[in-house]
Amino acid sequence: MARKKIALIGSGMIGGTLAHLAAMKELGDIVLFDIAEGMPQGKALDLAQAGPPEGFDADLKGANDYADIEGADVCIVTAGVPRKPGMSRDDLLEINLKVMKSVGEGIAKYAPDAFVICITNPLDAMVWALREFSGLPHQKVVGMAGVLDSSRFRHFLAEEFDVSVEDVTAFVLGGHGDTMVPVVEYSTVAGIPVPDLIKMGWSTQERIDQIVDRTRNGGGEIVGLLKTGSAFYAPATSAIVMAESYMKDKKRLVPCAAHLTGQYGVDNLYVGVPIVIGANGVERVVEIELNETAKANFQTSVDAVKELLVACKSIDQSL
Ligand code: TXD
């Protein structure tokens, strides 16, 4: 059987890390695409030379032409610009919306059967726009944020309880941003819900509230420390979880930005919800029961995403 093909659209910090992880896991051959000339070729060559000592077999290619992504099974999109000092959210929206247009057209032309994972910010709006521009089926286009946000939550909870991260599951819903909704009731240590652990004296409500806050600001905390750029190791690893679930038909149940058609009372919007990813892409949207607080927080998050879409539509009349 021929190797699968993974196209990374955007070969910056996350794109390069994605290539490294995909090669190490031998998920397939990899194309690093970018508008910057030389950089994706340089990263591809450097990574290819990591193959012999590590022992992975994967063809790695750098590209500046969409023709090179032809026939890709998976496309992971990080193309765009991050926010720089002095830039408003709207500036970012306008630039990255244009980027999504060219990426969407490139994917539609050369990889219309791919499973597409969008990472570019502002995530919930960009994944929606990328789907519109590419015209691909909704179940084949998803956004990565929830896996990362819940990983951050899991890390902090594992630290708090002094247990392995492997035994901690955590639930995060809603848009990617300050309004995301970590759901404590559905977060567990080996099946024991966090509220029960509080009752057992493993932690206090106050400390869990602080962890929820820290999770919400998880991206900002890292930006503040790095000073140039944003997190890339955990975002790349999180997107690989999604790609792998599709490529191996694992049917992982993970929180992702998925297209809703009435679930959670939301129609025609991409918002972070639990989904099952398998060989058909998004195979199921899981609608869990939320308590009143989580419901209200989820609605705030949905409203924030809606606002972003209104801004997108006013920038690009074709949307
Ligand atoms: O959870 C999440 N979704 C996120 C999102 C977590 C962390 C970071 N998140 C966002 O991912 C971040 O705000 C950015 O919008 C993306 C990519 O982050 P990364 O750190 O990889 O950014 P880089 O290093 O700036 O890489 C972006 C690359 C860079 O090499 C540009 O030359 C390229 O995108 N670029 C393009 N490639 C192709 N086509 C076009 N038009 C283009 N424009 C820029």
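**Notebook: helix packing and backbone details**

I began with Arg-89 and found it in helix 4, where helices (H or I, at least four residues) and strands (E, at least two) are DSSP runs, numbered from the N terminus. I noted that this is a predicted model, in which local features need pLDDT of at least 70, side-chain atom pairs count only at pLDDT 80 or more, and totals for chains, interfaces and linings use all residues. I also noted that residues are numbered from 1 along each chain as its sequence is written, and that side-chain values use heavy atoms, with hydrogens and water left out.

I looked up the confidence next: the mean pLDDT (the predictor's confidence in each residue, from 0 to 100) of the protein is 95, and 100% of its residues reach 70 or more. The scores I wrote down are ipTM 0.99 and pTM 0.97.

I then returned to helix 4 (residues 89–110), which packs with helix 11 (residues 292–315) at an angle of about 55°, the axes being 10 Å apart. Axes here are lines fitted to C-alpha atoms, for helices over the stretch in contact, and angles run from 0 to 180 degrees between N-to-C directions. Helix 4 and helix 11 are therefore oblique to each other (under 35 degrees counts as roughly parallel, over 145 as roughly antiparallel, 65 to 115 as roughly perpendicular and the rest as oblique). Arg-89, Leu-93, Glu-94 and Leu-97 of helix 4 make the contact with Leu-308, Ala-311, Cys-312 and Ile-315 of helix 11, contact meaning heavy atoms within 4.5 Å.

I checked the UniProt record, an unreviewed entry, which lists Arg-83, Arg-89, Asn-121 and Arg-152 under "binding site"; positions are given in the numbering used here, feature names are shortened, and annotations may be inferred rather than shown by experiment. These residues are spread over 70 residues of sequence and also in space, up to 23.6 Å between C-alpha atoms.

I followed Asn-121 along the backbone and found a cis peptide bond joining it to Pro-122, with omega about -10°. Pro-122 lies in the loop between strand 5 (115–118) and helix 5 (123–134). I also found that Asp-249, although not a glycine, has a positive phi of about 50°, and that Asp-249 sits in the loop between helix 10 (233–247) and strand 10 (252–261). For background, I recorded that most residues other than glycine have a negative phi, and most peptide bonds are trans.

Last, I looked at helix 10 and its packing with helix 1 (residues 13–24), where the angle is about 50° and the axes are 9 Å apart, which makes helix 1 oblique to helix 10.
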